[in-house]
Amino acid sequence: MKKILKRKKTLITLGTCIAILGLTFGTVSIAQNYYKSSGSSEKEKAVYQMAEKEKERLKDRGTYNPKGHIKKEDLAEKAENVADVFDMSVSEAEKRITKNSIEKKALYLAAEEAGFTVDEQEVTEAIDKIRATFVSDPEGKKELEAEIAGMGMDEEEYWNFVRPQYKSNMIVNKYLNKMYEEKCKEEKIDLYSEEYMEKRKEWRDSIAQEAIKKYNVKVE
């Protein structure tokens, strides 16, 4: 389960946590040599190469904007960069990334209009928990180190870079959780029941589609 969650996090937030990972690379050139050597695993090499490509795609973008334009050529380039790491075709990666990007923007706009926010301490605490998860997973830690090195950052720069994405995700999740509570009341379903868990995906899809239509979110 950790591996699945880790991969989803990278695909969705890649530029998508208490303990310091303590990267072993003092310079970018040392990292490059390591990920080209036989000392690194094939997965580490793949993640490093993906991150290098993503660094190029994302350069000169500025701070992440959850309300920014969704451009088809950008989604296609991202899919090309990440497909191999997630063992899927480029077309399948593009399809998933496109769907996620449209839904996330629409849901963020809905959450913003409804007045949902998170404070910086909440974001810090969430990131600390994710960092701790990676520390406890040796394989995940190595892949994260490869991603950070490929992005040409040190650890703190990396977490500052992805912080706006985590913040927007948290705002969306707060909004969705409130909507789920309202749905439970409407349908007289126990919030902690198995029925609720079965209904969540259906409700999320419905809420997302309504938001997409309301805010006319589309790929440009």
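User: What should I know before starting?
Analyst: This is a predicted model, where local features need pLDDT of at least 70, side-chain atom pairs count only at pLDDT 80 or more, and totals for chains use all residues. Residues are numbered from 1 along each chain, and side-chain values use heavy atoms, with hydrogens and water left out.

User: OK, how many helices and strands are there?
Analyst: The chain has 9 helices and 0 strands. Helices are DSSP runs (H or I) of at least four residues and strands (E) of at least two, numbered from the N terminus.

User: What share of the chain is buried?
Analyst: Out of 220 residues, 41% count as buried. Buried means under 20% relative accessible area and exposed means over 50%, with partly exposed in between (1.4 Å probe, protein chains only).

User: Which residues are buried in α6?
Analyst: V123, I127, R131 and F134 are the buried ones in α6. Looking down the axis of α6, its buried residues fall within an arc of 70 degrees, so they line one face of the helix. That arc is taken from the directions from the helix axis to the C-beta atoms.

User: What caps the N-terminal end of α6?
Analyst: D119 does: one of its side-chain oxygens lies 3.1 Å from the backbone nitrogen of Q121.

User: Switching to α4, which residues are buried there?
Analyst: In α4, residues 72–82, the buried ones are D74, L75, K78, A79, N81 and V82. Down the axis of α4, its buried residues fall within an arc of 160 degrees, so they line one face of the helix.

User: And which exposed residues sit on the face turned away from that?
Analyst: K72 and E73 are the exposed residues on the face of α4 turned away from its buried side.

Methods. Polar contact = N/O pair within 3.5 Å; in protein donor to acceptor, adjacent residues only side chain to side chain.
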